[in-house]
Each structure stands twice: as structure tokens, then as C-alpha cells.
Amino acid sequence: MAARTAPEAVPLFAIVAGLPGKTEKSAFLTLVPPVLTGEVVWCILFTGCIRLMRMRLAELLEGLVELLEWLSPWAERRVPCSVRRLPWAVRRGVGRVGPVGRVGRVGRMKPMDKERVMSRYDVIVVGAGNGGLTAAATLAKAGVATLLLERHSVPGGCATSFCRGRFEFEVALHQLSGLGTAENPGPLRAVFEGLEVLDQLDLIVMEELYRTVGPDGMELTLTADRNAVIAELQRRFPHEKEAIAAFFEFLAAFFMEVVGLFYLKDPAPSRDSYPRAFSCLLKTTQEVLDQFFKDPVLCRALTAYWGYLGLPPRRMPFVDWAMMFLAYIEYKPQHIRGGSQMLSAALADTFLKYGGVVRYNCGAARIVVRDGQVEGVVDDQGELHLAKHVISNASRITTYADLIGREHLPDAAFAEMRGSSIGASAVTVYAGFDQSPDALGITHTTTFIGGCGSQDEEYEATRRLGCHDTTGLALTCYTRMDGGFSPPGTTQAALIMLQYADPWFKVPPEQYAAEKYKAADAMLARAEAVYPGLRDHLEEMEISSPITHLRYLGHPGGAFYGFDQHVKDSASFVSPKPPVDGLYLAGAWATSGGFQPTLDSGVRAARQVLKQLGK
Amino acid sequence: MKQEILQQFDGYQDVMKEIEAARKFGTDYAGFKGRVAAWIDRYHPARLTLRIGDILEETASTRTLRLVAPDRPLPPFQAGQYLALALRFGQVRTGRPYSISSSPRNTGYYDITVRRVPDGLVSGHLLDHVRVGDALESAGPAGTFVHNPVFHGNALVYIAGGSGIAPFMSMIRETLDCGLDRDILLLYGNRAADDVIFHAELTRLASRFENFRYVPVLEERGALNPPWPCQKGYITRDLLREAVGDLTCRMFYMCGPAALYDFCRRELEALGVPPRRIRQEAYGPPNHISQYPGWPEAVTEDATFRVTVKGSAPIPAHAGETLLTALERGGFAVPSQCRSGECSLCRVRLVSGAVYQPPTVLLRAADRRFGYIHSCAAYPLEDLCVEV
Ligand SMILES: Cc1cc2nc3c(=O)[nH]c(=O)nc-3n(C[C@H](O)[C@H](O)[C@H](O)COP(=O)(O)OP(=O)(O)OC[C@H]3O[C@@H](n4cnc5c(N)ncnc54)[C@H](O)[C@@H]3O)c2cc1C
Ligand SMILES: Cc1cc2nc3c(=O)[nH]c(=O)nc-3n(C[C@H](O)[C@H](O)[C@H](O)COP(=O)(O)OP(=O)(O)OC[C@H]3O[C@@H](n4cnc5c(N)ncnc54)[C@H](O)[C@@H]3O)c2cc1C
Ligand code: FES
């Protein structure tokens, strides 16, 4: 029986198991009175005597007090715990009390008030990705008692880094959008200021959007300046000169209309006042580009950023691309010295500074819902934390199917989700070279390397295993903006291609490593066509696959942008708020992926909670 | 935006139709319950309960434990990776990494080859107390000391010391069993002839396969059995030059005690081997940390300090041992894996006090900045307060 393989579980589990003729549940409930009468002292001494005899009396008593505290909410409130789960939870609980009493107390318990047993908070945030961190920091700063649970050992989710040899590798951040400068602040700046991280960060403004290298030798570099972009495009595509001018005028006006509709929330919009939005808001990027341009090469050069959104122009909503492209031009892409991990650490620091409680290496196993209302969270060590509000940064699928369970959700929740498909993940080659970027000939921070076919073929390739001639790639050379990732004279870079997880699921486990190397090899070969000789200077390399992302984020398909974002998947058609009282989503699966949207989503979720709390 | 307004946008009806179709033919995500966890468990289980299927005596001080998983397939690993065993001795929960010495193509079991460390807690336990049939807890295979075909090439030189042969054994077995196109030279240092682990198998393989050369290096005189030509002394630059011949385009791998790394790296660099061609496995805390550069002279290894974990009574810690060891001895459960400062699983926040961190620790810039340390690679220099 389970008690034997888990020695720390002996005492209480034995009591539960030792009450004959009762179901687990009633055994559990009848257990509580003896606990209160002190009979349990006898029971524990009897069943676990040898181990317990070695304990000092003071330790034993201390342990008992903790045990009682731990049990009392069930006794008083009978929080509905799945019956099957109880003995497990009990077992884990006792583990904290027995001979290893101290183990359990390490940052594990912070009772909010003494009669209530285990921890109680106003809000629990599940997951410390971008959305979880900004949500948690916003709440803590507003004076709300908040617990942040993160399954990994560091904060950040995607927004993290890791070290190999002499190199620290940035995992996800390529170009931060929407921040702007003090003189020309973007929307994200207020978020950073509000959460007191702006002063903590050293931001580097990039003057360049990207260099794109096309299949047909086409090569073009765009700077982060509206007029310069127009001039460069007109120089390269003289036959589209007027169209380019017209398009950028349209783009600026469209941008203003979208701001009026969605940010300033015009209460009575009409086609007359928002003609471009009424006509193009629900169109794909390609549909709108086709209204202006004939040259497909131009369209392609313009939309090289599609990989940042996960769908090619023929599927990507025009509004998503337009807002991102203009935000990059208007506020310029930025980099954070020390990478996105620096941002995550700064956000976590603000959270702690305002009294937030964070637990790393501690995932949420279940969100307790009763009568359509959130009651708390059971963590993966079996501990229950009470709270009337939970913000989940875990995927929507995980939140609904694993953490809450179909039985506690209206059918509509799953019915709505049916319409969405799990988004792309990626294969990334994190590469450390023993030469400087100049010596390697890497001239730009961001280079998009186009596939030999169309963008649609590039997208097709994301559903096939490995890197092909049709695959589109991006090479980000971090050392060009931030020398701090590795010693002088070396280069840190990431080569990335989008890829869905499905083909990776079909690889037999023993072939998995070989498939990763095969993909990386082909990706490097493609990069070498643009920057020859890279391979000869490789010093460190790590490869991440969709399975890697699945492992580190806990998201289905390792999808770091959440669901595919077609027009139909936008917030206009999908309700961001789950149909459970007290439950909110933050992060890529709440709305859409990428740094700016996810950082923003956490603040928004937190504000909704604050409103509920009357703050 | 309100639906009645949205309805007036061009293309609204098409989107609604699309939504209807997508929901009709879409995925029922309720069926995803447990799926992500199952995938993670398949490749990188957080916990693996293994059973000792067999014990092979290798030398007087070394045994191979053959580990099987009774109730699940073993997760895949790459030759060179290790298992982080999780153990418990009374109050103390600790762990130790052990490289897998069997071939990854062998999907039925993992071998770990454990050599006795004088006064060693875990090696002593594994050599003296465990029996066939006993259970051992571990995490899934981990580690980055593996052959990367993208740039390592296939001319490989393995430099092993003592039990550091274990990961190489896995690589050699895989290469030769599967006929991989790799050329391997193994330089294997030991103190005495009886210490050489896997000697019989290595001689057998070296006589049979042209792409594998085996050069034992012994500090002390003694006869190898079976007899095999051996070098005396240490793995010096002269020996390297002579045994390897053309040094260009070779990838050098080192695994063994810290002293071997320090010595052989210097020798290789003196021969002009660039750092990118030298790969080195983590091998745990060095024996005498106070001899490392930057250690403050005023502090001796046996100095004792108090470590307070927020909210608990202080525990004692010696300057010469890692903070992780002190925390474990004090009854705290701290997750760990590499125990060499590389994986960051043992990360804790240093609230106050100073620690010594060896130059080998791989700390993220953000952790450095916000006061986090890897407790397995941090040595107390004062009384400390930490948050676990
Ligand atoms: C390789 C790569 C490249 C990218 N490139 C870009 C780019 O160039 N530009 C850009 O804008 N975006 C990019 N992104 C995407 C961007 O990083 C993500 O969309 C964004 O960071 C997601 O934030 P999030 O809030 O959704 O949380 P996530 O980062 O998805 O984190 C979720 C967190 O929740 C935790 N969690 C999950 N389940 C549980 C549970 N049950 N209990 C406790 N914790 C749990 C996870 O461990 C994780 O920490 C990239 C991502 C990757 C991986
Ligand atoms: C990646 C990796 C792979 C490994 N693979 C193998 C393998 O395949 N085979 C193998 O046998 N071992 C391997 N090891 C080493 C192994 O993990 C253990 O470290 C080893 O078995 C000793 O553990 P122990 O508990 O027996 O000794 P410990 O109890 O840890 O003590 C070791 C000895 O060092 C002394 N000591 C401990 N800490 C310090 C200190 N800080 N300063 C000075 N002295 C100290 C002790 O007194 C004792 O004499 C590997 C280590 C790593 C990091
Ligand atoms: S256990 Fe890996 S860094 Fe400490």
C-alpha cells in the first residue's frame, strides 16, 4: 500500500486506512474529531513509533500544531476535494509534519490568519510568464495578498535565458515592441513605469527593423523610421512608387481608427467616421496588400514579420500585422540588456517588494471550483491555498481541461474553444561562436532568411518535420545589441524557424535527439548561405524543439503564441473571460501571443480583479 | 466591441460562418486532460522510480548498478547524460548525479557506475547497502555533455579520470555497437592498475575495432590485466601530442575530477587547441574550494557560520562545504540536479550575507543582479539569510 513506499506518510495515512468499514471520505471526516481530542497523538505515536520516538517532544508538538492547522479548513468548511484525491493530499500534508517537519515549512506556508489553517490569499496567480508576472506585480502593488505559483525554477516562462559554457542565451525576446522612449512613449512604457521596472532595466533602442534575404537574391534592409522605410521601398520598387505612398497613408489613418475604436472606445462608431476599419478590420493582411500592390516581392519584404505573429499574410489578420509593423516603426524595436530574463526578474522583484509570495518549482495541480465560483488552488505538492480569485497564465486548454475539469465548466467553454487551433511552436538553434559578429560577417541584428517558395510554402513547412528549402528562418544576433551575453570577441545568436508540434509527436522517443540535430544542421546550412563559415566557429549550441517548449511552459503543442490567431480568433469573437466566477486568464492564451500583448494582458486581468475587490 | 456594431464590418458574415464550421469540426479539448503531463513524462519525467535489476562488480572500489523501470518505458537519453538520483537518509534529503554508462540504444536498462569516494555518503551507500530489487528514485536523464553531430565532427579524443569513464563508456558502446562513423581515442587516467574500470571490455573493443584506440595512463607502476600497453604518469601535452598526432579538427572531451580539468585544459591550450574544441563535463564540487582564485584568505574551510532560512531556526554551515549540503543536512528539501552550478535547479535567494561562488558557476545575469545564487556552487563566508 502506498504508505509503505512513502515513509513520511505513515502516521496519518495509517489512520485513514486504519478506520475499517468506511469510505475514504467518511473516514477522513471522522478523523477530524479525534484529531481535536488528541487521540491522534496516540495514533501517530503508535503507527509511526520508531521514527517518531527519535523526535524531540517539542518538534512533535510543533508538528502536531501544524497538522491541526492544516486539517482544520476541511473540518470546518468541508471544501470539496475530489474524494479520490484526499488520501494523497493528506499524505503530502503529513509529510510536512513528521520527522522532516522542517522540510515542509520552507516557504511553504504562510497562513494569513491563525484560525484558518493553510494559506489564504486574495488572489492566486498560476504561472510566472509575462502575463502572470505583470498580473501578480500589479496586484501586490495595489496591496492585494497574492500568491504566485510557478512550476519552473525561474520566473519568465518564455521570457527567460539559460547558460552554457561562456554564453548566456536569450530564449524568446527578439525585438520588444511598444515601449518607445521618454519623449515618445509607447503603451508598454506606462506598464513598465507602473510596475517600477523601467528604472531597473537598461533598454537598447534598435535603429533597424530587419534585413530580409529573399530566395531570389533579393536583399533589403529597413530602418525603424517611417520616411526611411517608404524611401527605401520606393527606391527598390520604383514601379510601385505611388502605391507605396498611398499604402503608408492608409496605414497611418487605419492605425488612428483602430486606436479610436479599441483604445479610446468610441461609443458610437460609424462607417463614416471609421471607413478603413469598417472595410479592413476583418480582412487578412494579403487581402489588403493586394488592394495596393502588384509586386509579390514587395509584399513579401513588407511582411517579413509574419513569423512574430505565427500565421502567413494570407491568414494573418491585417489589423494584427499593421499595428505591430507601425508600432515597431513608431516606437522602434528594443532590447533589454541581460535579455528578457532581466525583465522577468525585475517584475518578480517588484512583486516581492510589495509583499507578494512566490513559489518556484511548484505548479498548480487543480483550481478548486464550487458552484461556478473559484475557491482556491491545490498545488502539485497537494497543498490547498484558498482564494476567491485566480488568474491563470497556464494555457486555456490546461486551465479548462486539467486544472478545472470539464465537470466544473459550462459546455459553452469547451464549445467555444473547439473553434480554435493550437498555435505554432518553434525550433531554435541557440549558438555561441568564438568570434565577434564582425569577424563572422553578421552585419545586422535581425535577418529574415526567406524560403525558396512563397510565404504560404514557408507556412506549409512549419507543419513538416525539419528544415527545408522552403522554410523561412530568422537569425537574431544578440551580441550586436548587447555584448553582455558572452565574453568580448564572441557572438551569441539564435536561429529560429516556426514549427508546429504535431510532426514531433510522431517521432519515436529514441529518434528525438537525432531529429533535433538534423533540423539544426539544415538550419545552419541555410544560415551559412547568407553568412558563410558560421559553423567553423561554433563553440556552444543548444537546440529547442516544440517538445522543449511543451516541457518548459506546460502548454499543449509547446505553443508560445497560444491559439492560432486568425481573424475569427480575435478578442472580438472569443470571450477573453472564462465562464467561472473569480477566474481570469492572462498571457498568450487569453488573447494573443508576443511580449507586448502578454505583458499587457496580465495588467488587464489584474485590473478586472481589483475592480471585483473594490480597489 | 459590441456585436451589433461588429456586424456592420465588411466580411462579418464570412467570419461567423468560419467560426461555425471551425467549432463544428474542431477539437474537443476536454480530451487533452493529462496529455501535456504525459508528454513531459515520456521525455523528461520529474520522477522516475527505478529498481536495481543487477549489480556488476567492476573493481574493488567500483560497481555498476543496472537499473530497470518495472512499470514504464525508460525515457530516451543521449550518451554522456546523467541520472540525478534522489536519496533520503533519515532527515536528510539529498541527491547525486551519476553518468549513465550503458548505451542509449539499450532501451531496457540504465547502467550507472559508481566508484567509492572516501567517506562519501551516497557512493558508500550505493556500494555497501543497496541490493538487487531495491528501489532508487531519480529524475529523468539530463546533462549537456553529449556529442553534437552538427559541429563536433567525428574525430574525438576522450580524456577520462577515474569514474569519469562512465559517460565515455556509453559513447563508446553506442559508437561501436551501432557502427557510427566516428574515430575515438580514449586516454584514461588512474592511480593504479586495479583502479581501471572497464579495462577488460576496453581492451576487447580496442583490439576489435579500428576506429577505437585505448590508452590507459597510470600514476603508479603496476600490471594491467589483461596486459595492454600503458603510459606512466599524467595526461600531459607530450602524451597528447604523441597519442593524438594531428591535433587540428579534433574535439576533446574531458570527464573526471576538477584537478584533471585544470591540468589537462592547460595542456590542451598549450598545444593550441581552441576553447571551442574542448568540452568538459560537470563533476561536482571541487575538493578544496579555498584553493580557488578569489577565495578570501581570512576564511578557513572549517569556519562555521549560521544559515537562516526565512522563518526557521538557524542551521550551522561550514565555509568549505556548499550551501546546498548545509541546507540538506539541516533538513531542508532543496531541488537539485547537476550539483555543479550549471542547471540552476538549486537556485535560492540570498537575503543577506556573503558567499563564495567559484568561477565555474553558470549564473544568469539577472540572478546575479537580483541576488539569487546556485546553492550547490555557493560557499558561506559569513552568517547567511536565504529564501528557499
Ligand atoms: C523561441 C521563442 C521565440 C519567441 N519570439 C518572440 C518574439 O520575437 N517576439 C515576441 O513578441 N514574442 C516572441 N515569443 C513569444 C513570447 O515570448 C510569448 O508569447 C510570451 O512570452 C508568452 O507569455 P505568457 O504570459 O503567455 O506566458 P508563458 O511564457 O507562456 O509562460 C507561462 C508560464 O506559466 C507556467 N505554468 C504553466 N502551467 C502551470 C501550472 N499548472 N502551474 C504553475 N505554473 C504553470 C509556465 O511554467 C510558464 O512559466 C517567442 C517565444 C519563444 C519560445
Ligand atoms: C554530472 C556528474 C556525473 C557524475 N558521474 C559519476 C559517475 O558516473 N560515477 C561516479 O562514481 N561518480 C559520478 N559523479 C560524482 C557523484 O555525483 C558523487 O559526487 C560522488 O559519488 C560522491 O558522492 P558521495 O555522496 O559518495 O560523496 P560526498 O558525501 O558528497 O562526499 C565526497 C567526498 O568529498 C568530501 N567532500 C564533500 N563535500 C566537500 C567539499 N565541499 N569540500 C571538500 N570535501 C568535500 C567528503 O568528505 C567526501 O570525502 C558525477 C558527478 C557529476 C556532477
Ligand atoms: S543543482 Fe544544478 S545548479 Fe545547483
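Colleague: Before we look at the ligand, what counts as a polar contact here, and which backbone gives one to a nitrogen of ligand 2?

Modeller: A polar contact is a pair of N or O atoms within 3.5 Å. Keep in mind that this is a predicted model. A nitrogen atom of ligand 2 sits 3.0 Å from a polar backbone atom, and that atom belongs to Asn287(B).

Colleague: How much of ligand 2 does the protein bury?

Modeller: On its own, ligand 2 exposes 960 Å². With the protein around it, the buried part of that comes to 81%.

Colleague: Which side chain has an N or O atom 2.7 Å from an oxygen of ligand 2?

Modeller: Ser163(B) has a polar side-chain atom 3.5 Å from an oxygen atom of ligand 2, so by the 3.5 Å cut-off that is a contact too. The 2.7 Å distance, though, goes to the side chain of Tyr98(B).

Colleague: And which element gives the largest share of the shell around ligand 2?

Modeller: There are 27 residues around the ligand, with Pro97(B) and Pro118(B) among the closest. By type they split into 13 nonpolar, 9 polar and 5 charged. Elements of chain B giving two or more residues are β4 (92-99), β5 and α4 (121-128). The largest share, 4 residues, comes from β4(B).

Colleague: Moving on to aromatics, how many aromatic pairs are there over all chains?

Modeller: Ring centres have to lie within 6.5 Å to pair. Counted that way over all chains, the number of aromatic pairs is 46.

Colleague: Take Tyr305(A) and Phe448(A): how many residues apart are they?

Modeller: Their rings are 5.8 Å centre to centre with 90° between the planes, which is edge-to-face. Tyr305(A) is buried because its relative accessibility is 0%, and Phe448(A) is buried as well, at 9%. Tyr305(A) sits in the loop between α15 (296-302) and α16 (306-309), while Phe448(A) is in strand β15 (residues 446-449), so the pair links distant parts of chain A. The separation is 143 residues.

Colleague: In chain B, are Phe77(B) and Tyr110(B) buried or exposed?

Modeller: These two form an edge-to-face pair, 5.5 Å centre to centre and 85° between the planes. Phe77(B) lies in the loop between β2 (62-68) and β3 (82-89) and Tyr110(B) in strand β5 (residues 110-115), so the pair ties together parts 33 residues apart in sequence. As for accessibility, both Phe77(B) and Tyr110(B) are buried.

Colleague: Last one: which ring has the charged end of Arg463(A) over it?

Modeller: Chain A also has Arg406(A) over the face of Phe414(A), 5.0 Å from the ring centre. For Arg463(A), the charged end is 3.9 Å from the centre of the ring of Tyr500(A).

Terms used. Residues numbered from 1 in each chain as written. Chains lettered and ligands numbered in written order. Predicted model: local features only at pLDDT ≥ 70, side-chain atom pairs only at ≥ 80, totals over all residues. Heavy atoms only, no water. Phe/Tyr/Trp six-rings, centres within 6.5 Å; stacked < 30°, edge-to-face > 60°. Buried < 20%, exposed > 50% of the residue type's maximum accessible area, 1.4 Å probe, protein only. Lys NZ or Arg CZ within 6 Å of the ring centre and 35° of its normal. Near = heavy atom within 4 Å. Polar contact = N/O pair within 3.5 Å; in protein donor to acceptor, adjacent residues only side chain to side chain. Areas by Shrake-Rupley, 256 points an atom, 1.4 Å probe, with all protein chains shown as cover. Nonpolar A, V, L, I, M, F, W, Y, C, P; charged D, E, K, R; others polar.
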